[in-house]
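Subject: Structure handover

Dear colleague,

Here is the structure you asked about, with the sequence alongside. My notes on what was found in it follow below.

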Amino acid sequence: MVSLTKRVLFEIIPNGPNETTITLSSTTNKGHYVSLRPFVNGEGKEFPFEWAFGGTSDTLEVRKIDERSNGLDFNFKFDTNVKLEIPETHRGVIKTVFKTWDAGLVEETGSVFPFGPDGAEVKFRELWQPIDPTRLEFVELSHGNDVDPNATSIALHTDNSEYEGLVVIVGNWVQGILFKKGENTLKGVNLVRSQIDANKSVKDLFKFGPDAAKFPTELLLKEGSKTTSNGVEWSVIESNL
């Protein structure tokens with residue numbers, strides 16, 4: 001089942017909670033995922049994002065804990081902090097626990113080690129609100145399982161000598177990351193968030209990066225299809241169309 005969740009709380013323990021972004025995390029039926037975290041007040045910032053990451057399903061391991069909780073171990077394929085070589089950044093697997101509350105909100109807890117595996121542990125908590133991915137406005141769901149099982153679930157991937165990227169479409173929402181290989185500055189980072197309306201027209205909510213025009217414009221494709229955008233070929237690695 002596809003998932004679109006909006007973060008409503010972020011907390012570095014023991015600091016108090018805060019939220020300065022409009023963070024959305026998208027996950028396809030098969031587990032391909034992208035999370036983009038643009039600042040609410042990002043105008044004037046060279047990089048108006050707290051963070052962005054994503055990965056194919058083989059970079060995510062799910063562990064059942066109990067009826068309400070799952071362990072999710074992430075080893076991101078795409079990580080803007082790592083791409084930009086920010087020194088105090090966790091590398092490798094991040095172990096998290098997702099617990100569903102009575103109200104349908106999902107609490108995520110875990111730890112990162114930005115100073116290396118032998119350094120200080122930094123604990124965090126995030127709270128996620130399931131959103132209806134088939135609506136263009138933010139419509140809260142009482143539970144993530146309320147998502148239409150027929151909602152669009154598509155993932156496109158590219159990997160060539162110059163670029164590597166991932167785009168996921170869940171319902172009417174599109175999110176993508178494209179990295180230019182060998183370029184560990186903002187010139188190598190491209191991000192997109194879009195919506196697909198009832199007429200199947202794509203409206204960009206934001207596009208960031210010098211190569212953002214290379215994101216695919218043909219999106220509603222069958223699995224196994226290929227599409228090219230400004231010289232970059234994308235392969236459809238998942239589609240329920």
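Glu-223 counts as partly exposed, because its relative accessibility is 43%; here buried means under 20% relative accessible area, exposed over 50%, and partly exposed in between (1.4 Å probe, protein chains only). The side chain of Glu-223 meets that of Lys-30 in a salt bridge, at 3.4 Å from N to O. A salt bridge is taken as a side-chain nitrogen of Lys or Arg within 4 Å of a carboxyl oxygen of Asp or Glu. Lys-30 lies in the loop between β2 and β3 (33-38) and Glu-223 in the loop between β15 and β16, so the pair ties together parts that are 193 residues apart in sequence. Lys-30 is partly exposed too, with a relative accessibility of 47%.

Before the rest, some notes on the source. This is a predicted model, in which local features need pLDDT of at least 70 and side-chain atom pairs count only at pLDDT 80 or more, while totals for chains, interfaces and linings use all residues. Residues are numbered from 1 along each chain as its sequence is written, and side-chain values use heavy atoms, with hydrogens and water left out.

Other salt bridges

By the rule above, the count comes to 15 salt bridges. One of them joins the side chains of Glu-11 and Arg-125, at 2.8 Å from N to O. Glu-11 belongs to strand β1 and Arg-125 to strand β10 (residues 122-130), so this pair ties together parts 114 residues apart in sequence. Glu-11 counts as buried, at 14% relative accessibility, whereas Arg-125 is partly exposed, at 27%. Strands (E, at least two residues) and helices (H or I, at least four) are DSSP runs, numbered from the N terminus.

Lys-181 forms a salt bridge with Asp-159, and their closest N and O atoms are 2.6 Å apart. This pair links distant parts of the chain, 22 residues apart: Lys-181 is in the loop between β13 (173-180) and β14 (189-196), and Asp-159 is in strand β11. Both partners are partly exposed: Lys-181 has a relative accessible area of 37%, and Asp-159 has one of 46%.

An open sheet of seven strands has the order β15-β14-β13-β12-β11-β17-β16, and the pairing is antiparallel. Two strands are said to pair if DSSP finds at least two bridges between them. At the edges are β15 (202-208) and β16 (226-229), each of which pairs on one side only. From one strand to the next, the twist averages 20 degrees; axes are lines fitted to C-alpha atoms, for helices over the stretch in contact, and angles run from 0 to 180 degrees between N-to-C directions.

Which strands does β11 pair with? With β12 (residues 163-170), β11 pairs in the antiparallel sense over seven bridges. A hairpin of three residues joins β11 to β12, and Asp-159 stands opposite Glu-164 in β12. Four bridges join β11 (residues 153-159) to β17 (residues 232-239), and these two strands also run antiparallel. Across from β17, Leu-156 stands opposite Val-236 and Ala-155 stands opposite Glu-238. Six of the seven residues of β11 are buried, so the strand is largely enclosed by the rest of the structure.

Met-1 sits in the segment before β1 and counts as partly exposed, at 49% relative accessibility. Leaving aside neighbours within four places in sequence, Met-1 is in contact (heavy atoms within 4.5 Å) with Thr-28, Asn-29, Gly-144, Asn-145 and Val-147. Met-1 and Lys-181 are 180 residues apart in sequence and 32 Å apart in space, C-alpha to C-alpha.

Ile-22, Val-40 and Phe-138 form a nonpolar patch on the surface, with about 250 Å² of accessible area together. Patches are made of residues with over 30% relative accessible area and no salt bridge, with nonpolar side chains (Val, Leu, Ile, Met, Phe, Trp, Tyr) joined within 5 Å and like charges within 9 Å. Accessible areas come from the Shrake-Rupley method with a 1.4 Å probe, and for residues only the protein chains shown count as cover. Ile-22 is found in the loop between β1 (3-12) and β2 (24-27) and is partly exposed, with a relative accessible area of 33%.

Regards
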